[in-house]
Amino acid sequence: MIEPRILKGSSVPTFIPPLPSITFVASSHPDSLHHPRDWFLSHVRSPALRSEFEIITRGLSDALDFSHTIGADLGRESVPFDRGGGRGVLGEVDFYTSHEGLKLDWEQAMSREVDITGSGSSPKERGFYNTSAHFLWVGDRMRQLDGAHIEYFRGIRNPIGIKVGPSLQNEELIRLLQIVNPNKESGRVTLITRYGAGTIGDHLAGHIEAVKRSQHPVAWVCDPMHGNTLTSSSGFKIRNFGTVISELTSCISIHAACGSRLGGVSLEFTGELNDEGFSVTECLGGSMELSEEQLGLRYQVCQTTFVFDCSSYPQS
């Protein structure tokens, strides 16, 4: 059974209502590169960071203004997509949803069997899709080869992710790929690595080489958040922003050295603010320069995320 406290308190109510809201917000083009000066910097305490960011935005604005002056931005992309224009890279972004497939009762209830071939195909092929998200992943603690989670993930047609931690052996990783993607379908599996800044050098290269030898097509994503959790002297569960960046930069370097390519980054954050305008105080450092003494200002890991401590909106 799905735990009633979770359904009532956070997960489902906060997951479903934002989906139509995202569609509305996206149509107002908040991500537009045409207005970089609208991106606020009130959270940036470091004068050096603020100056660096302002230099970048000024250069971006000047380049876009020049393109507009010479008519380089004319054509279908100059009209918003929702008004009949073409899709452009400067003013729009696509939104996709994802979550960890943790509670199988919920995931099964949201799964549907549908036709996956065109109307002219005969015979028609059918498959199961989880309709609650575009992309689902299985966590590092739920990826047992003979477990129920891997059996469920094996049966759905959604693109899926597998968290890869330091306890996963090379042979076990390849066996996982053989189970969930026996036909080696491109785009089917994303491997989300989460070792920790101190151990990524001991494991990532070996996992990359093992996957290469198996010839399984995968996309690689770095999760620099979940392997870098620690407890502060005051007893708070925290992450250090510098450690998060360290694992990410190490991941990029190791992929380059192995002739591989890092395809993305998985970050966990919340945009919540309290009545005074304070972001959550759960990760040390970042542009806020949050110190350990300031954790108590708005540390509410249980209230904001129910599971993990998050970086704040400014840190993200």
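**Values against rules**

Mentor: Gladly. Let's start with an open sheet of six strands, in the order β1-β4-β5-β6-β7-β10 and with parallel pairing. Its edge strands are β1 (98-100) and β10, each of which pairs on one side only. From one strand to the next, the twist averages 30 degrees; angles here run from 0 to 180 degrees between N-to-C directions, with axes fitted as lines to C-alpha atoms, for helices over the stretch in contact. Before we go on, keep in mind that this is a predicted model: local features need pLDDT of at least 70, side-chain atom pairs count only at pLDDT 80 or more, and totals for chains, interfaces and linings use all residues. Residues are numbered from 1 along each chain as its sequence is written, and side-chain values use heavy atoms, with hydrogens and water left out.

Trainee: How do you know that β7 and β10 are paired strands?

Mentor: Strand β7 (residues 219-222) is joined to β10 by three bridges, and the two run parallel. Two strands pair if DSSP finds at least two bridges between them, so three bridges meet the rule. In general, the strands of a sheet pair through backbone hydrogen bonds, either parallel or antiparallel.

Trainee: What makes a stretch count as a helix or a strand in the first place?

Mentor: Both are DSSP runs, numbered from the N terminus: helices are H or I with at least four residues, strands are E with at least two. By that rule the chain has 10 helices and 11 strands. Helix α6 (residues 148-155), for instance, lies across β4 (135-138) and β5 (160-164), running at about 155 degrees to β4.

Trainee: Why is Asp140 called buried?

Mentor: Its relative accessibility is 16%. Buried means under 20% relative accessible area, exposed means over 50%, and partly exposed lies in between (1.4 Å probe, protein chains only), so Asp140 falls in the buried class. Arg194, at 13%, is buried by the same cut-off. Over the 316 residues of the chain, 37% count as buried.

Trainee: What makes Asp140 and Arg194 a salt bridge?

Mentor: The rule asks for a side-chain nitrogen of Lys or Arg within 4 Å of a carboxyl oxygen of Asp or Glu. Asp140 and Arg194 have an N to O distance of 4.0 Å, and the pair is counted as a salt bridge. Asp140 lies in the loop between β4 and α6 and Arg194 in the loop between β6 and α8, so the pair ties together parts that are 54 residues apart in sequence. Both residues also belong to a network of salt bridges that links Asp140, Arg143, Glu172 and Arg194. The rule gives a count of seven salt bridges.

Trainee: How do you know that Glu151 and Arg154 form a salt bridge, and where do they sit?

Mentor: Their N to O distance is 2.7 Å, which is within the 4 Å limit. They are three residues apart in helix α6, so about one helical turn separates them. Glu151 is partly exposed at 45%, and Arg154 is partly exposed at 42%.

Trainee: Why is Gln215 called exposed, and what stands out in its backbone?

Mentor: Gln215 has 63% relative accessibility, over the 50% cut-off, so it counts as exposed. Its phi is near 60 degrees, a positive value in a residue other than glycine. You will find Gln215 in the loop between α8 (200-214) and β7. Lys184 also has a positive phi, about 55 degrees, without being a glycine. Lys184 sits in the loop between α7 (170-180) and β6 (189-193), and at 35% relative accessibility it counts as partly exposed.

Trainee: What makes Val265, Leu267 and Phe269 a nonpolar surface patch?

Mentor: Patch residues need over 30% relative accessible area and no salt bridge; like charges are joined within 9 Å, and nonpolar side chains (Val, Leu, Ile, Met, Phe, Trp, Tyr) within 5 Å. Val265 has 40%, so it passes the area test. Val265 is in strand β10 (residues 262-265). Together the three residues make a patch of about 280 Å², with areas from the Shrake-Rupley method with a 1.4 Å probe, only the protein chains shown counting as cover for residues.

Key:
Contact = heavy atoms within 4.5 Å.
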